[in-house]
Amino acid sequence: MTPALYERSLLEDLAPLEGPNATRDLSTADPTEPDSYRLAFADPEFMARRETRGIRFHLELLKPDLDQQAMGIEHTVVVYGSARFVDLEAATQTLQQAQASGDAQALALAERDMRNAQRYEAARRFAYLVAQYSKHHPTNQRVYVCTGGGPGIMEAANRGAYDAGAPTIGLNILLPHEQHGNPYISPGLSFKFHYFALRKMHFLMRAKALVAFPGGFGTMDELFEVLTLVQTTKIKPVPIVLYDSKFWKRLFNFELLVEEGVISPEDLTLFQYADTPEEAWQIFKDFYQLKD
């Protein structure tokens with residue numbers, strides 16, 4: 001087959017199989033049914049095989065990387081935290097309903113939601129400060145807010161950048177429940193991952209700092225992976241900020257790890273605490289000696 005005929009054949013395979021030029025009627029076919037005639041990359045069942053997992057890894061690594069390169073995104077601040085927090089307005093409404101109901105358990109939960117809403121608003125404010133700074137700098141010097149793309153603290157951080165009129169990134173993960181892209185992620189920067197490992201790689205590929213707000217297993221998993229990578233010098237040191245010192249010090253006794261000899265005293269310098277959005281942003285500015 002000549003190159004011209006091969007190109008024509010390829011275009012025919014990729015063209016929609018409908019209309020007067022259709023060669024086969026697949027309108028009733030199951031798109032997941034094996035079909036040897038399909039191009040390999042157009043065969044979803046083949047692409048989902050165990051043997052093609054490495055190809056899927058590559059594609060999941062490549063697609064968000066190329067899209068961010070195209071938009072000139074080189075530096076990010078990654079914000080971690082719970083997906084379960086709501087904003088102050090929603091928490092206030094829930095509290096008022098609980099107070100009116102007289103239900104003691106509902107009231108206790110609503111008061112907890114109010115505490116967590118303060119953390120939501122702090123993440124929103126922190127991201128706003130990052131985005132405001134970046135707006136006044138050349139594209140290659142801007143720092144973009146990046147989150148896991150879901151609700152809670154992730155939504156808050158994307159929302160803060162959105163409030164400042166800045167592009168903001170969401171790295172969503174495909175889960176059977178809970179996770180969906182929040183409405184504040186910029187169009188074209190809302191990515192979806194199947195593999196946690198590839199998603200975590202993208203968190204760090206452009207990260208110039210990481211801020212961990214209170215969160216659950218996912219937040220702790222991401223935080224300790226970053227601490228391990230910096231501790232073992234697999235990545236360059238970056239500011240790692242634990243927001244809400246009271247929460248983190250109650251949750252983890254890092255000094256005990258030193259006392260028991262499982263980490264070194266200098267490992268305690270890998271991270272810092274912050275209790276206000278301004279303090280967290282100042283840690284970042286001091287590390288990179290940024291001027292307003």
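1. **Ground rules.** Residues are numbered from 1 along each chain as its sequence is written, and side-chain values use heavy atoms, with hydrogens and water left out. The model is predicted: local features need pLDDT of at least 70, side-chain atom pairs count only at pLDDT 80 or more, and totals for chains, interfaces and linings use all residues.

2. **Overview.** The protein has 11 helices and 7 strands. Helices (H or I, at least four residues) and strands (E, at least two) are DSSP runs, numbered from the N terminus. Of the 292 residues, 40% are buried. Buried means under 20% relative accessible area, exposed over 50%, and partly exposed in between, with a 1.4 Å probe and protein chains only. Among contacts between residues at least 6 apart in sequence, 68% join residues at least 24 apart. A contact means heavy atoms within 4.5 Å.

3. **The sheet.** The 7 strands form an open sheet, in the order E4-E3-E2-E1-E5-E6-E7, and the pairing is parallel. Two strands pair if DSSP finds at least two bridges between them. The edge strands are E4 (190–193) and E7 (272–274), each pairing on one side only. Neighbouring strands are turned by 25° against each other on average, direction ignored. Axes here are lines fitted to C-alpha atoms, for helices over the stretch in contact, and angles run from 0 to 180 degrees between N-to-C directions.

4. **Helices on the sheet.** Helix H6 (residues 153–163) packs on the sheet and touches E1, E2 and E3 (168–173). The direction of H6 makes about 160° with that of E2. Helix H11 (residues 277–288) also packs on the sheet, touching E1, E5, E6 and E7. The direction of H11 makes about 145° with that of E7.

5. **Strand E1.** Look at E1 (residues 76–80): 5 of its 5 residues are buried. In a regular strand the side chains alternate between the two faces of the sheet. Both faces of E1 are covered. Thr 76, Val 78 and Tyr 80 lie on one side, Val 77 and Val 79 on the other. E1 runs parallel to E2 (residues 144–147), joined by 3 bridges. With E5 (residues 207–212), E1 pairs in the parallel sense over 5 bridges. Thr 76 has Tyr 144 as its bridge partner in E2, and stands opposite Ala 207 in E5.

6. **Tyr 144.** This residue sits in strand E2. Tyr 144 counts as buried because its relative accessibility is 7%. His 75 is 69 residues away in sequence, yet 6.3 Å away in space, C-alpha to C-alpha. Leaving aside neighbours within four places in sequence, Tyr 144 is in contact with residues including His 75, Thr 76, Val 77, Pro 167 and Ile 169.

7. **Leu 242.** Leu 242 lies in strand E6 (residues 240–243). At 1% relative accessibility, Leu 242 counts as buried. Residues up to four places away in sequence are not counted in the next list. Leu 242 touches Ala 212, Leu 223, Trp 248, Phe 254, Phe 271, Gln 272, Tyr 273 and Ala 274. Ala 280 is 38 residues from Leu 242 in sequence and 8.6 Å from Leu 242 in space, C-alpha to C-alpha.

8. **H3 against H7.** The axes of H3 (residues 53–70) and H7 (residues 196–205) come within 10 Å and cross at roughly 30°. The two helices are therefore roughly parallel. Angles under 35 degrees count as roughly parallel, over 145 as roughly antiparallel, 65 to 115 as roughly perpendicular, and the rest as oblique. Phe 57, Glu 60, Leu 61, Pro 64, Asp 65 and Gln 68 in H3 meet Leu 198, Met 201, His 202 and Met 205 in H7. The contact residues divide into 6 nonpolar, 2 polar and 2 charged. Ala, Val, Leu, Ile, Met, Phe, Trp, Tyr, Cys and Pro count as nonpolar, Asp, Glu, Lys and Arg as charged, and the others, Gly among them, as polar.

9. **H7 against H8.** The axes of H7 and H8 (residues 217–231) come within 12 Å and cross at roughly 60°. That makes H7 oblique to H8. Arg 199, Lys 200, Phe 203 and Leu 204 in H7 meet Asp 221, Glu 222, Glu 225, Val 226 and Leu 229 in H8. By class, this contact has 4 nonpolar, no polar and 5 charged residues.
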